[in-house]
Amino acid sequence: MLHIYCPYCEEMREEEEFSYSGEAHIARPLDPESLTDAEWGDYVFFRTNPRGLHHEMWNHAVGCRRYFNVTRNTHTYEIYETYKMGEQPTVTGGKS
Amino acid sequence: MTSLKTPLHHITAPAHVTNANVIMREDPFRGHLNLRGNPQDEAFTRAVAKVLGVALPTQPNSSAEQGTTRIYWLCPNEWLLLVAADTQAQVEADLRDALAGQHVAVTDQSSGQTLVNLSGPQVDDLMMKSTVYDCHPSNLGIGKVVQTTFAKTGAIIHKCADGSFDLVIRRSFSDYFFLWLADASQEYGLRVT
């Protein structure tokens, strides 16, 4: 079981309270009409799926019901940090 | 003529319990109002405090109480107001008046959930096996409110001053909740008052 710090409730909670919501920091194209099918398909469907450091969204589903970001190692499951929506990660790259 | 029934009106307490160490008491027909707004906006917090007679708690997992009104912090911009039975329509109207023109939401959830109090000498043992949250007094102090799971269904758990727990549970899960409670407290003895 993961023990996850919710940046809104400001305490550690059990994994059972959360749900995983995919890769974080994917910006919606400002002008979708001008995209090619390949670019739109890339935005909608394609994700990085790295082995190692990953920035991802989680939802505190039965708690405060907020989305937030987690920097997690997909190999060791270690969580380096959690941060609120709109913030940038402090842990980037270099670790695996 | 409508007849008002609580979500737990149909339950039958276990018979032949001589030594009850867990006691369940429903606090039925309370007014449950969900309030959303921006706590950084002073016009909002001031107007709400004026209507309710108590300031909104802005610390995570905290609560505030004033007479029969209780406020639970749910998330940074959301609160649950528990008000006396049959006053929710008036409180909602007062809030709408006081908050006119502001970007807020007031939602009456009274018929969707109910308030249950669990007490007794072995209530801590019951909580330990019912929820993933650590309900030890060192983690869940008096007045603290957490939204977590109780028997895998969502619940809002509030630690009361007398050491008992107040749970806000969904109407649609009340049957399941009671079946779990009756089963889980079999070894302690359950009394329903």
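How many residues does the contact take from chain B and from chain A? It takes ten residues from chain B and eleven residues from chain A. The model is predicted.

**Where chain B touches chain A**

- The contact between the chains draws on ten residues of chain B and eleven of chain A.
- On the side of chain B that touches chain A, β4 (69-75) and β8 (145-150) of chain B each supply at least two residues.
- The most comes from β8(B), with three residues.
- By class, this side of chain B has five nonpolar residues, five polar residues and no charged ones.

**The two domains of chain B**

- Chain B is divided into domain 1 (22-28 + 112-192) and domain 2 (31-108).
- Their centres, taken over C-alpha atoms, are 24 Å apart.
- The contact between these domains takes ten residues from domain 1 of chain B and nine residues from domain 2 of chain B.
- On the domain 1 side, the elements that give two or more residues are β7 (113-119), β8 and β9 (153-159) of chain B.
- Here β8(B) gives the most, with three residues.
- The domain 1 side divides into five nonpolar residues, four polar and one charged.

**The largest nonpolar core**

- The largest nonpolar core has 49 residues.
- Leu81(B) and Leu167(B) have the most contacts inside this core.
- Strand β5 (residues 78-83) of chain B gives the most to the core, with five residues.
- Both domains of chain B take part: the core draws at least three residues from each of domain 1 and domain 2.
- What does Leu167(B) touch, leaving aside its neighbours within four places in sequence? Its contacts are Val116(B), Leu118(B), Phe150(B), Ala155(B), Ile156(B) and Ile157(B).

**Helix α1 of chain B**

- Helix α1 of chain B covers residues 42-52.
- Its buried residues are Phe44(B), Ala47(B), Val48(B) and Leu52(B).
- Seen down the axis of α1(B), these buried residues fall within an arc of 120°, so they line one face of the helix.
- On the other side of α1(B), Glu42(B), Arg46(B) and Lys50(B) are exposed.
- The buried residues of α1(B) pack against β3 (63-66), β4, β5 and α2 (88-98) of chain B.
- Just after α1(B) comes Gly53(B), with a positive phi of about 80°.

**Two loop residues of chain A**

- Asn49(A) is not a glycine, yet it has a positive phi of about 50°.
- Asn49(A) lies in the loop between α1 (37-45) and β4 (53-59) of chain A.
- Is Asn49(A) buried or exposed? Asn49(A) counts as exposed, because it has 8 C-beta neighbours inside 10 Å, and a residue is exposed if it has 12 or fewer.
- Tyr77(A) is not a glycine either, and it has a positive phi of about 70°.
- Tyr77(A) is found in the loop between β5 (67-73) and β6 (79-84) of chain A.
- With 8 C-beta neighbours inside 10 Å, Tyr77(A) also counts as exposed.

Notes. Residues are numbered from 1 along each chain as its sequence is written. Chains are lettered from A and ligands numbered from 1 in the order in which they are written. This is a predicted model: local features need pLDDT of at least 70, side-chain atom pairs count only at pLDDT 80 or more; totals for chains, interfaces and linings use all residues. A nonpolar core is a set of buried Ala, Val, Leu, Ile, Met, Phe, Trp, Tyr and Cys residues joined through C-beta atoms within 7 Å. A residue is buried if 20 or more other C-beta atoms lie within 10 Å of its own, exposed if 12 or fewer, and partly exposed in between; C-beta atoms are placed from the backbone. Helices (H or I, at least four residues) and strands (E, at least two) are DSSP runs, numbered from the N terminus. Domain bounds come from an automatic or database domain assignment. Two residues are in contact if their C-beta atoms, placed from the backbone, lie within 7 Å. Ala, Val, Leu, Ile, Met, Phe, Trp, Tyr, Cys and Pro count as nonpolar, Asp, Glu, Lys and Arg as charged, and the others, Gly among them, as polar. The arc is that of the directions from the helix axis to the C-beta atoms.
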